[in-house]
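Please look over this model with me. My notes cover confidence, ring contacts and charge pairs.

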Amino acid sequence: MKIAKIYTVLAAAAAMLGVASCDNPDTPVMQKPTEFKLNVPPFAQQYYELTEDGTLELTCSQPNYGIGTVVKYSAEVSMTEDFAESKPITNINGASASISLSSGEIATAMCELLGIVDDDTWQPFVDDHVRPLYIRAIAKVGEVEWSEIASNVIELPRVDFYYALKTPGFIFLTGIPSFIEPSTENRDKLVRLYEPKDDIGSQVYSAVVDAPAGTAAFRFYTQLGKNWDDVAEFSIGAAEPDMNSVNITDKFVDGKYEGDVVVKGRSNWEFTWGGGEMTITVNLKKNTISIVGGAQEVVVTKYVYMVGNQADWTTPDAEAAATYEPWRLVCDDGSGVYKGTFEISHLQNDASDLYCRFYQELAGWGNAQWASPTGGDYLVTPGVAAETAVGEGCFQLEQAINSTISVSLDTKANTVTFDFVD
């Protein structure tokens, strides 16, 4: 891992000064551009196939703002030339006029624009998934709203897209209202526990189940098959012995039970139930279960990871989970705002400034989901939100050593705020 080089932001500062200073006629002032051109790529008239890990490379002219400044580029796509309905696409290159768009993100946008939301709505496109696609670029300086300008529209007439929507995973429950065999024939009869729509891949499944009064008992299956024995290896139960029950009635505290699950376990959780709704949540990453009386909103605690010189630029992969556990930002209310407070007692090579970016997962090096907007080192102002971009640029917080700092990352607004804690 290369240590990030120090990047000065004098140009950006001068740009903002230009916006504010009007008294001196000799001072350059940022102007609203009137022309912004997106170039037609050489392959535009050819067949273009979108793939999950591919990119679409485009180039554009830099709008004339009258002064040198840092411009953030992005793009929008539409299925119609008039852009009556469109979807934004992230520029992987951030502040570069060489625009790089994720093919997977484009395919997702096309599905959404065409009203594809599930397997049923995808069926009309199964054998007919080549469509014209319209693209325009967007340029903007920082948070200056009036600086935003859209380019001309270009057409890619033959874009082959695919079913790119991620849908929540689920597991099957059997036992409520009765022990229905977990077979493919009973697929529509079985109760399902689903992942949250905003946390697909979390392997946290939940459902509100209405159970009659009496003895409640159940277990789960991740897949269906021909009969009970055919799906034994896909079972999730309270214990390993087959077809037994573990009574947990006495383990409910204030109407709530929390315990462990056993994968490839066909024993049931069994308890006395007064009747009515219960909320069941199964976490297959932690192999835990909770059962709560009544209908409860299930909010999954999610994390992002601050990767930088405070952790000696340790490779952010699964093997480094323990290293990065103290550097996690947490969101436990579903807002998309991740927060953390950190004591900076060590910085690599005895540095005084913090350099970091933020990764959604510990999956190794590569573009961070929330990096600096310039692609290089970006000096932040404490208490002031800074824009983020996909990339490997670092946020730089001066004189962070031996301080306690707070970090708030808004993943919906794509901004991050650093501050010092007294």
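1. Confidence. This is a predicted model. The mean pLDDT of the protein chain is 89, and 93% of its residues reach 70 or more. The exception to flag is residues 1-23, where pLDDT stays under 50. For that stretch the model has 33 contacts beyond four places in sequence.

2. Aromatic pairs. How many aromatic pairs does the structure hold? The count is 22. Take Phe36 and Tyr73, whose ring centres are 6.1 Å apart. Their planes stand at 45°, so this pair is tilted. Phe36 lies in the loop between α1 (10-20) and β1 (47-49), while Tyr73 belongs to strand β3 (residues 72-78). The pair therefore ties together parts that are 37 residues apart in sequence.

3. Burial of that pair. Are Phe36 and Tyr73 buried or exposed? Phe36 has a relative accessible area of 5%, so it is buried. Tyr73 is buried as well, at 3%. The cut-off for buried is under 20%.

4. A stacked pair. Trp122 and Phe125 also form an aromatic pair. Centre to centre, the distance is 6.3 Å, with 25° between the planes. That angle makes the pair stacked, because planes under 30 degrees apart count as such. Trp122 is buried at 12% relative accessibility. Phe125 is buried too, at 11%.

5. An aromatic cluster. Which residues form one aromatic cluster? They are Phe218, Phe220, Phe252, Tyr257, Trp269, Phe271 and Trp273.

6. Charges over rings. Arg192 places its charged end over the ring of Phe170, 4.4 Å from the ring centre. Arg328 does likewise with Tyr303. There the distance to the ring centre is 3.8 Å. Arg328 returns in point 9.

7. Side chains of opposite charge can pair when their charged atoms come close. The count of salt bridges is ten. One of them joins Arg136 and Glu76, with the closest N and O atoms 2.8 Å apart. Arg136 sits in strand β6 (residues 130-140) and Glu76 in strand β3. The two residues are 60 residues apart, so the bridge links distant parts of the chain. Strand β3 also holds Tyr73 from point 2. Glu76 is buried at 19%.

8. Lys87 pairs with Glu112, the closest N and O atoms being 3.6 Å apart. Lys87 is in strand β4 (residues 86-89), and Glu112 is in helix α2 (residues 103-113). This pair, too, links distant parts of the chain, 25 residues apart. Lys87 is partly exposed at 26% relative accessible area. Glu112 is partly exposed at 37%.

9. Arg328 again. Its side chain meets that of Glu325 in a salt bridge, at 3.9 Å from N to O. Glu325 is partly exposed, at 49% relative accessibility. Arg328 is partly exposed at 25%.

10. A network. Which residues are joined by salt bridges that share partners? Asp229, Asp242 and Arg266 make up one such network.

Conventions: Residues are numbered from 1 along each chain as its sequence is written. This is a predicted model: local features need pLDDT of at least 70, side-chain atom pairs count only at pLDDT 80 or more; totals for chains, interfaces and linings use all residues. Side-chain values use heavy atoms; hydrogens and water are left out. Rings of Phe, Tyr and Trp (its six-membered ring) pair if their centres lie within 6.5 Å; planes under 30 degrees apart count as stacked, over 60 as edge-to-face and the rest as tilted. Helices (H or I, at least four residues) and strands (E, at least two) are DSSP runs, numbered from the N terminus. Buried means under 20% relative accessible area, exposed over 50%, partly exposed in between (1.4 Å probe, protein chains only). A charge sits over a ring if NZ of Lys or CZ of Arg is within 6 Å of the ring centre and within 35 degrees of the ring normal. pLDDT is the predictor's confidence in each residue, from 0 to 100. Contact means heavy atoms within 4.5 Å. A salt bridge is a side-chain nitrogen of Lys or Arg within 4 Å of a carboxyl oxygen of Asp or Glu.
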